[in-house]
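Dear colleague,

Please find the structure below, handed over for your work. My notes on it follow directly after.

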Amino acid sequence: MLVKRKITYFLSILIVSILLSGCGLFNGSKEDIDPPKDVSYEEDLDLDVSGSQGDIEADGESADGETATIQTELYLIDSDGFVVPRTFSLPNTESVAKQALEYLVTGGPITDQLPNEFRAVLPADTAVDLDITDGVATVNFSNEFAQYAPEDELKIVQSVTWTLTQFDSVDRVKLQMNGNDLSEMPVNGTPLNGDLTRKIGINLDTTNVVDITNTRPVTVYYLSQTDEESYYVPVTKRIQNSEDNTVAAIVEELVKGPDLSSPLFTMLMPDVELLNEPEISDGVVTLNFNENILGSYEQKLVSKQVMDSLVLSLTEQEGIKGVAIQVNGEADIVNQDGEPVTEPVTRPKNVNTGSF
């Protein structure tokens, strides 16, 4: 049975690789792999982590006179139960953070824009109030907040926390209901120990973790595939405290990939290896891989999906702003458009963008 599962796993990767190279399933561009620029994506991209706010004028209108919008990540639930960031063009209001929460409400303004197989996370008719002071976003929910399904409890905590902490003005999140601080969630009683940050993790995976007290969390980005599109899914895994190099441990988790029973997958092949310890200087981590990181040996090509997974995962670490790739100690690699990658790749402003 295990052999059969492994064969299925690698066949799925092979099929996706063929689609990548031949059918344009993942539409990429130079901007996707070079440091992100202030561009606006109007096309329906199957897989794209770039994004920007566009040309917003002081009067709230775009350069062409239309109502201005702002690219905002909403953490929704997909058909496999994962909490996933999806980027939407929302109205550029005075309270974008509060608006983001309102778009998380089932049956709310997000309904007509939801991608297939995705759903909102907050119970229907939930009213939201928000105050941001000194980096703390205090969210006050109405009584309807307590009407969620028990299995959604952690997902709601993660969705609200990660949605709000995308904004520069928010470092921590505090939850209330009817003006009263919540020390635990109202349905299953999940403890809320103080203010919430992204350190709570997302899509927690404790597979094969025997003693969680001797581990620490890292968040990596795997891929999910539907009939219509592919997108990145953040997963918080546990690495041993004895691992003295967190960057190398994250790369190893990307290479290992998710558990074989998971619908997620990685584009880093099992024979990818780091040839030496990662080096961090001025916020840029340099990774020196063997040639198995390449999608094409002759062209020295690193695929967009490999680069995106590395950048998204590593820039979750404090102090890392960009990633530089070498192969056998040489930096002369190209992206899948055949263009040289001459600068470290920085984290994009938004994840999983597109027109929905």
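V209 counts as partly exposed because its relative accessibility is 23%; buried means under 20% relative accessible area, exposed over 50%, and partly exposed in between, with a 1.4 Å probe and protein chains only. This is a predicted model, in which local features need pLDDT of at least 70 and side-chain atom pairs count only at pLDDT 80 or more, while totals for chains, interfaces and linings use all residues. Residues are numbered from 1 along each chain as its sequence is written, and side-chain values use heavy atoms, with hydrogens and water left out.

V209 lies in the loop between β7 and β8 (215–225); helices (H or I, at least four residues) and strands (E, at least two) are DSSP runs, numbered from the N terminus. Apart from neighbours within four places in sequence, V209 contacts T215 and R238, where contact means heavy atoms within 4.5 Å. Its C-alpha atom is 9.3 Å from that of K237, 28 residues apart along the chain.

Turning to the sheet, four strands in the order β4-β5-β6-β7 make an open arrangement with mixed pairing. Its edge strands, β4 (128–133) and β7 (180–181), each pair on one side only. Strands pair if DSSP finds at least two bridges between them; β4 and β5 (residues 136–141) are antiparallel over six bridges, and D129 stands opposite N140 in β5.

The largest nonpolar core has 85 residues, of which V139, V160, L164, L175 and L287 touch the most other members. Such a core is a set of buried Ala, Val, Leu, Ile, Met, Phe, Trp, Tyr and Cys residues joined through side-chain atoms within 4.5 Å. Beyond neighbours within four places in sequence, V160 is in contact with L101, L122, V139, F141, V173 and L175.

Kind regards
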